[in-house]
Amino acid sequence: MLTSCLAVLSLYACLSAGGAERGRLPAGAWGGSHIRLDVTEEGATVELDCAHGTIRGPILPGADGRFEAAGTYVQEHGGPEREGEEREGRPARYSGRVEGSTLTLTIALNGADETIGTFTLARGKAARLTKCL
């Protein structure tokens, strides 16, 4: 009886963990060269060397690990903020693919043929940022 209960619990744990990985990008910090992504249940924040952004809503990879999410992108600059400077950011599209603990993320501006960049991040890895001066 105990053996069968343990087997059922183990099976349930495996199925639950696999479903969570495929259903939603795991919360926590993801880091890489020139980028940090902080994922929460509600969305994510992105910090780059000289920019930052947000992703609205959970990041939901498909069965193949690919995802696309809407958000904003704000270009920063060195020095103080200027009067009348836009703080809301521009609409952006965040897309990519997650494979295990590695995430490839592409940031593109909506309504423009402009890709900010493609980045490789790892879950739990510290970001290497060089903030603009």
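Biologist: What pattern does the protein follow, read along the sequence?

Modeller: This is a predicted model, where local features need pLDDT of at least 70, side-chain atom pairs count only at pLDDT 80 or more, and totals for chains, interfaces and linings use all residues. Residues are numbered from 1 along each chain as its sequence is written, and side-chain values use heavy atoms, with hydrogens and water left out. Helices (H or I, at least four residues) and strands (E, at least two) are DSSP runs, numbered from the N terminus, and here they come to 1 helix and 8 strands. Read in order, that gives α-β-β-β-β-β-β-β-β.

Biologist: How many bridges join β5 to β6, and what is the bridge partner of E68 in β6?

Modeller: Strands pair if DSSP finds at least two bridges between them. β5 and β6 run antiparallel, joined by 8 bridges. The partner of E68 in β6 is S95.

Biologist: And in the hairpin of β6 and β7, which residue takes a positive phi?

Modeller: β6 and β7 pair in the antiparallel sense over 8 bridges, with Y94 bridged to I107 in β7. The hairpin has 2 residues between the strands. The positive phi, near 65 degrees, belongs to G100.

Biologist: Which residues have the most contacts inside the largest nonpolar core?

Modeller: A nonpolar core is a set of buried Ala, Val, Leu, Ile, Met, Phe, Trp, Tyr and Cys residues joined through side-chain atoms within 4.5 Å; buried means under 20% relative accessible area, exposed over 50%, partly exposed in between (1.4 Å probe, protein chains only). The largest one has 23 residues, and those with the most contacts inside it are L37 and I107.

Biologist: Which element gives the most to this core?

Modeller: Elements giving two or more residues include β2 (35–39), β5 (66–75) and β8 (114–123). The top contributor, with 4 residues, is β7.

Biologist: What does I107 touch, leaving out residues up to four places away in sequence?

Modeller: Contact means heavy atoms within 4.5 Å. Among the residues I107 touches are I35, V46, L48 and Y73. The list also includes R93, Y94, T115, I116, G117 and F119.

Biologist: Why does H34 count as partly exposed?

Modeller: H34 sits in the loop between β1 (28–32) and β2. Its phi is near 70 degrees, a positive value in a residue other than glycine. H34 counts as partly exposed because its relative accessibility is 38%.
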